[in-house]
Amino acid sequence: MASESELKLGQKLNEGKTKQIFELPDEPGHVLVQSKDQITAGNAVRKDQMEGKAAIANKTTSCVFRLLQDAGIKTAFVRQHSETAFVAAHCEMIPIEWVCRRVATGSFLKRNPGVKEGYRFAPLKMEMFFKDDANNDPQWSEEQLLAANLSPAGVSIGRCEVDIMNRSTVAIFEILEKAWCTQNCTLVDMKIEFGVNVTTKEIVLADVIDNDSWRLWPAGDRSQQKDKQVYRDLKEVTPEAMQMVKRNFEWVSERVKLLLEPQASGRVVVLMGSTSDMAHCEKIRKACGTYGIPCALRVTSAHKGPDETLRIKAEYEGDGVPTIFVAVAGRSNGLGPVMSGNTAYPVINCPPVTPDWGAQDVWSSLRMPSGLGCSTVLSPDAAAQFAAQILGLTDHLIWAKLRASMLNTWVSLKLADKKLQECSI
């Protein structure tokens, strides 16, 4: 990893309680986000030095942003530069903290008397707070945000932009919630910020996501909390107490690395009746690759060589790797039904429909004998997505890609509608 001396720093663009932002003259459109060994609470009413916090925070943020970026979430993060700094796209920040809650606790209980701690929000509870230290970051409504007429980097924050940030916050929370579940840790709530990329004019997840940004309860037990709330709750700040806080932060930074690792291996095996279907099968393999799913292609005919078809099936059943079979057979599809009748693994029919007899041939994939459970999907991309949805039940990284894809599809439709409306006015 590069050292900070290898980067030419320009002017300091901003300095907050826990980080500094520097211009990078040799990398136009990028900045250096430098963390500080400082921990604060209550808008810096409480403020202490914590040796090593900058490295811990930077490590945590870099892992979280890599996880989100690999899933397909648009962020300002570019790369980790050093132990205490990372390079990001230069953004003009939107002065709103978006807070997403799964479990009622903290300030929510004070603002909503009568709600018991531990109440679970489903769907997630969304709140927003205007960043204003002098007024203790007041809670805002969507109407207040719209009325503020904010215009960071020349982008007007209207209904479309607010909806995008709202939806994105929910998706980001759900991805991280699913990831932390692999460590038997409950993501209770989380705050994030967005900025407008000054180069692309896109709204992206910006700032940082570290142990100051969330509440984490191992095994769902508040008494085991590992986040900054431990520091907030200190009756007296002593060297021993600060060591305890630091150990909690280190615990998080070590486990956050594990979130980048898949929890279960899985694969797709595409069985084609003939090499004439190779182009169709390659589309399935390519689509599987977008989800990070290994995909093998095999040629076998259940009509002409049923013994070999069952031998290939046994080969993939024998090593214990969760497998989804995709049967690609034109004309009369015997491949999918034979596989489905002889394996407990999922089987997906994805017949290459031809313009001549395709409408009739597809019935051999749709109308199955009793006792067979294979599904039929005509699109190669959809077959891969269906396989990803199955494997995503046990692999949070695949699930994250699916969740981010849902968000990005929704955002593209939202932006297309906005563009159309602007052209129509």
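Select Asp207 to begin: this residue sits in the loop between β13 (203-206) and β14 (214-218). Strands here are DSSP runs (E, at least two residues) and helices are DSSP runs (H or I, at least four), numbered from the N terminus. This is a predicted model, where local features need pLDDT of at least 70, side-chain atom pairs count only at pLDDT 80 or more, and totals for chains, interfaces and linings use all residues. Residues are numbered from 1 along each chain as its sequence is written, and side-chain values use heavy atoms, with hydrogens and water left out.

Check the backbone of Asp207. Its phi is positive, about 65°, although Asp207 is not a glycine. Most residues other than glycine have a negative phi. At 22% relative accessibility, Asp207 counts as partly exposed. The cut-offs: buried is under 20% relative accessible area, exposed is over 50%, and partly exposed lies in between (1.4 Å probe, protein chains only).

Asn149 is another non-glycine with a positive phi, about 55°. Its relative accessible area is 62%, so Asn149 is exposed.

Now select Ala122 and Pro123. A cis peptide bond joins them, with omega about 10°. Most peptide bonds are trans. Pro123 belongs to strand β10 (residues 120-130).

Zoom out and colour by domain. Domain 1 covers 95-259 and domain 2 covers 267-394; the bounds come from an automatic or database domain assignment. Their C-alpha centres lie 43 Å apart.

Move to the open sheet. Five strands run in the order β1-β2-β3-β7-β6, with antiparallel pairing. Two strands pair if DSSP finds at least two bridges between them. β1 (12-15) and β6 (77-80) are the edge strands, each with a single partner, so one side of each has no neighbour in the sheet. From one strand to the next, the twist averages 25°. Axes are lines fitted to C-alpha atoms, for helices over the stretch in contact, and angles run from 0 to 180 degrees between N-to-C directions.

Pick out β3 (residues 30-35) and β7 (residues 85-89). They pair antiparallel over five bridges. Val33 has Phe86 in β7 as its bridge partner.

Finish on α1 itself. Of its 19 residues, 14 are buried. Gly72 follows α1, with a positive phi near 120°.
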